[in-house]
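Good morning, and thank you for coming.

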Amino acid sequence: MSEEQQAQPQLALERIYCKDISFEVPGAQVFTKEWQPELNINLSSSAEKVDPNHFEVALKVVVEAQNAGETAFIVDVTQAGIFLVDNVEEERLPYILGAYCPNILFPFLREAVNDLVTKGSFPQLLLTPINFDAEFEANMLRAQAAAESQA
């Protein structure tokens, strides 16, 4: 086997898991009022090198639902995955960790949030799909513009 064949890039999801889950209903009075929620949704991602060939990528969402001026519920979920990343060009790594991996994790995060909310006896909450590729590109352009403005 040639050296070129041995150095094929590898990218694989090896494990997916809920890293952190929290669901809170501060007061039962929320169930006695008409349901007209206002949602505040915060989503973030992070990546951490576990060993030379593995990264943990985590996608976190915090959803706070306000109803009639009171907090109805707060759901906080961090969905994580262990990804094998081997022989990948260094310049591709930010995209893989910042867009490709979150795209894989998002459906699992979405399902976990919906399950918690419905088990809390609230109406279904399906997070809107996110185009992580477009978000990654927009973040890179913002970073580039900020760097140019400082130069």
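Let me begin with burial: a residue is called buried under 20% relative accessible area, exposed over 50%, and partly exposed in between, using a 1.4 Å probe and protein chains only. What we have here is a predicted model, in which local features need pLDDT of at least 70 and side-chain atom pairs count only at pLDDT 80 or more, while totals for chains, interfaces and linings use all residues. Residues are numbered from 1 along each chain as its sequence is written, and side-chain values use heavy atoms, with hydrogens and water left out.

I turn to the sheet. Helices (H or I, at least four residues) and strands (E, at least two) are DSSP runs, numbered from the N terminus, and two strands pair if DSSP finds at least two bridges between them. The sheet is open and has four strands, arranged 1-4-3-2 with antiparallel pairing. Strand 1 (10–24) and strand 2 (38–51) each have a single partner strand and stand at the edges, so one side of each lacks a neighbour in the sheet.

Strand 4, residues 70–86, pairs with strand 1 over 13 bridges in the antiparallel sense. Along this pairing, Leu 11 is placed opposite Val 85, and Ser 22 opposite Asp 76. Strand 4 also pairs with strand 3, again antiparallel, over 14 bridges; here His 54 faces Leu 84. These two strands form a hairpin with two residues between them, and Ala 68 in the turn has a positive phi of about 55 degrees.

Next, the charged pairs. How many salt bridges does the count come to? The count is three, where a salt bridge is a side-chain nitrogen of Lys or Arg within 4 Å of a carboxyl oxygen of Asp or Glu.

One of them joins Glu 56 and Lys 19, at 2.8 Å from N to O. Glu 56 belongs to strand 3 and Lys 19 to strand 1, so this pair ties together parts 37 residues apart in sequence. Glu 56 is buried at 12% relative accessibility, whereas Lys 19, at 45%, is partly exposed.

Another is formed by Lys 33 and Glu 70, whose closest N and O atoms are 2.4 Å apart. Lys 33 sits in the loop between strand 1 and strand 2 and Glu 70 in strand 4, so parts 37 residues apart in sequence are tied together. Lys 33 is partly exposed at 32%, and Glu 70 is partly exposed at 29%.

There is also the pair of Asp 76 and Lys 60, with closest N and O atoms 3.4 Å apart. It links strand 4, which holds Asp 76, to strand 3, which holds Lys 60, across 16 residues. Asp 76 is buried at 17%, while Lys 60 is partly exposed at 30%.

Finally, the helices. Helix 2 (residues 93–119) lies across strands 1, 2, 3 and 4, running at about 140 degrees to strand 4; axes are lines fitted to C-alpha atoms, for helices over the stretch in contact, and angles run from 0 to 180 degrees between N-to-C directions. Helix 2 also packs with helix 3 (residues 132–150) at about 150 degrees, their axes being 9 Å apart. Contact here means heavy atoms within 4.5 Å, and the residues that meet include Tyr 95 and Phe 106 in helix 2, and Phe 132 and Phe 136 in helix 3. Thank you.
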